[in-house]
Amino acid sequence: MSNEQIQRRRDPDRRARILDAAAKLVSRNGYHAVGMTEIGAEAGIVGSGIYRHFDSKAAILVSLLSQVMDDLQRTAAHIVSSTDDDRSALAELVDHHVRVAIEDRRLLAVYHREAHNLPEEDFRRLRRAQRHYLEEWVSVVAPLRSDLSDGEARLVVHAAIGAVQSILFYDSGLPQERMADLLGEMAYGCLGVERAPLPRADSLPLASG
């Protein structure tokens, strides 16, 4: 086993701490204003220790933004493929995006502000993933809004997601559950679809804090 593998096994949470620290610093100060030393200090790791997990600051950014988009796309694909009807699938899509926007607000903010700093190949890959994610929404909205053209259905989906993400750069001070309810209401207003209850009894509550 290599020294790097031994080190990672000793501290399996170190990579997660680095990513969390980077998200916090980059969302607050911007990508170019943050260095590896600052990220290491925030994570409680000497700057050189970061290189056991990431080759560069760009690699950290790629990992951060991939984490956001991969989670959204994977979950949306599962919802659409495993839910019996479009209205129920839409309820779960809206609920999940609202919860990601609230609980992973910092990561989504980094995605929107810093994606253009990615290496070109990684930027294109994430944009493809984003398009696939939007298509999952369109696939359930279009049958519910048969009065809309294809382009119009895509527009209302963009509007709904944009409404949810309006909190990324604004702190309302509202309790999380109240904020989630209002964001869901806003999303349905943009979609022009009657709000439906979540179909699954195992829907998780928002994380505290």
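Glu114 is buried but forms no salt bridge; Arg113, the nearest side chain of opposite charge, is 6.2 Å away. Buried means under 20% relative accessible area with a 1.4 Å probe, protein chains only. A salt bridge needs a side-chain nitrogen of Lys or Arg within 4 Å of a carboxyl oxygen of Asp or Glu. For charge, Lys and Arg count as positive, Asp and Glu as negative; His and the chain ends are not counted.

The model is predicted: local features need pLDDT of at least 70, side-chain atom pairs count only at pLDDT 80 or more, and totals for chains, interfaces and linings use all residues. Residues are numbered from 1 along each chain as its sequence is written, and side-chain values use heavy atoms, without hydrogens and water.

## Around Glu114

A polar atom of the Glu114 side chain lies 3.2 Å from the backbone nitrogen of Tyr31. Leaving aside neighbours within four places in sequence, Glu114 is in contact (heavy atoms within 4.5 Å) with Val26, Gly30, Tyr31, Leu61 and Leu65.

## Helix α6

Glu114 sits in helix α6. Helices are DSSP runs (H or I, at least four residues), numbered from the N terminus. Buried residues of α6 (residues 105-114) also include Leu107, Leu108, Ala109, Val110 and Tyr111. The buried residues of α6 pack against α2 (14-29), α4 (57-82), α5 (86-103) and α7 (120-144).

## Trp137

Leaving aside neighbours within four places in sequence, Trp137 is in contact with Leu90, Leu93, Val94, His97, Val157, Ala160, Ile161 and Leu191.

Key:
Buried means under 20% relative accessible area, exposed over 50%, partly exposed in between (1.4 Å probe, protein chains only). Helices (H or I, at least four residues) and strands (E, at least two) are DSSP runs, numbered from the N terminus. A polar contact is a pair of N or O atoms within 3.5 Å; within protein, one must be able to donate a hydrogen and the other to accept it, and residues adjacent in sequence count only if both atoms are side-chain atoms.
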